[in-house]
Amino acid sequence: MSTAPEPITPAPAGNPQPPGTPPPAAPPAPPAPPTPAAPPAPAPPPAGGTDDPPLGPEGEKALAEWKKRAKDAEALSRTQASELQTFRDRDKTEAEKQADALKAATERADKATQLAVSSKVEALAAGRFADPLDAVEALRSGSFLTEAGAVDADAITAALDDLLTRKPHWAATAPGPSTPRPDPSQGPRPGGTAGGIDDQIAAAKAKGDWRTVLSLENSKLANAKN
């Protein structure tokens with residue numbers, strides 16, 4: 001008869017330790033990785049808060065010179081602006097003076113034209129109107145000038161005809177002027193007597209008789225043109 005095989009006992013894992021041997025010590029822990037060093041602090045920026053490198057003595061000298069020139073240029077600009085404004089004010093004043101002179105000349109020309117037209121109206125109305133000054137007042141707002149600027153007698157005559165048609169009671173009842181016309185030859189002359197047209201005008205103004213003043217002024221202007 002065959003003998004049963006003995007059971008096989010598995011061998012322990014690893015190297016078998018003899019009896020009474022202490023267990024091996026635990027392996028040491030791996031060393032910690034080194035802590036990285038902190039980066040160095042950046043150097044403070046130069047004066048002015050910029051990141052530009054220092055200018056150095058030559059750069060600082062050039063910067064100071066540039067600042068001086070910029071300051072001088074700014075002062076010069078302000079001075080030139082002030083002088084320019086002064087010139088503008090002066091030119092404006094001259095322009096205003098010229099405008100005032102032109103306005104005064106225009107007013108004088110308009111007044112002379114009005115006197116010339118009124119004188120012509122009075123002359124043409126004499127003998128047709130009981131009071132020629134009524135015609136002068138009625139036609140004062142009209143424009144009786146030719147394209148060349150002369151008094152238009154034909155236009156005045158037509159206006160007088162129309163005026164008599166609308167106001168027949170203004171017509172003269174007898175031929176000839178109803179009021180005596182002043183005689184400029186009566187004016188004061190060397191060795192002569194007073195009582196000329198200028199005195200008559202002054203007397204009429206003193207009395208407030210403006211219609212007579214207008215008539216005398218028109219006559220004076222008409223005789224001055226002749």
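**Salt bridges**

Arg-78 and Glu-74 both belong to helix H1 (residues 56-125), where they sit four residues apart and are therefore separated by about one helical turn; helices here are DSSP runs of H or I with at least four residues, strands are runs of E with at least two, and both are numbered from the N terminus. This is a predicted model, in which local features need pLDDT of at least 70 and side-chain atom pairs count only at pLDDT 80 or more, while totals for chains, interfaces and linings use all residues. Residues are numbered from 1 along each chain as its sequence is written, and side-chain values use heavy atoms, with hydrogens and water left out.

Side chains of opposite charge can pair when their charged atoms come close. The structure holds six salt bridges, each defined as a side-chain nitrogen of Lys or Arg within 4 Å of a carboxyl oxygen of Asp or Glu. One of them joins Arg-78 to Glu-74, with the closest N and O atoms 3.2 Å apart. Arg-78 is exposed, at 51% relative accessible area, and Glu-74 is partly exposed at 47% (buried is under 20%, exposed over 50%, partly exposed in between, with a 1.4 Å probe and protein chains only).

Another salt bridge links Arg-128 and Asp-161, whose closest N and O atoms are 2.4 Å apart. Arg-128 lies in the loop between H1 and helix H2 (132-138) and Asp-161 in helix H3 (residues 153-166), so the pair ties together parts that are 33 residues apart in sequence. Arg-128 is partly exposed, at 28%, as is Asp-161, at 35%.

Arg-140 and Glu-137 also form a salt bridge, at 3.0 Å from N to O. Arg-140 has a relative accessible area of 29% and is partly exposed; Glu-137 counts as partly exposed at 43%.
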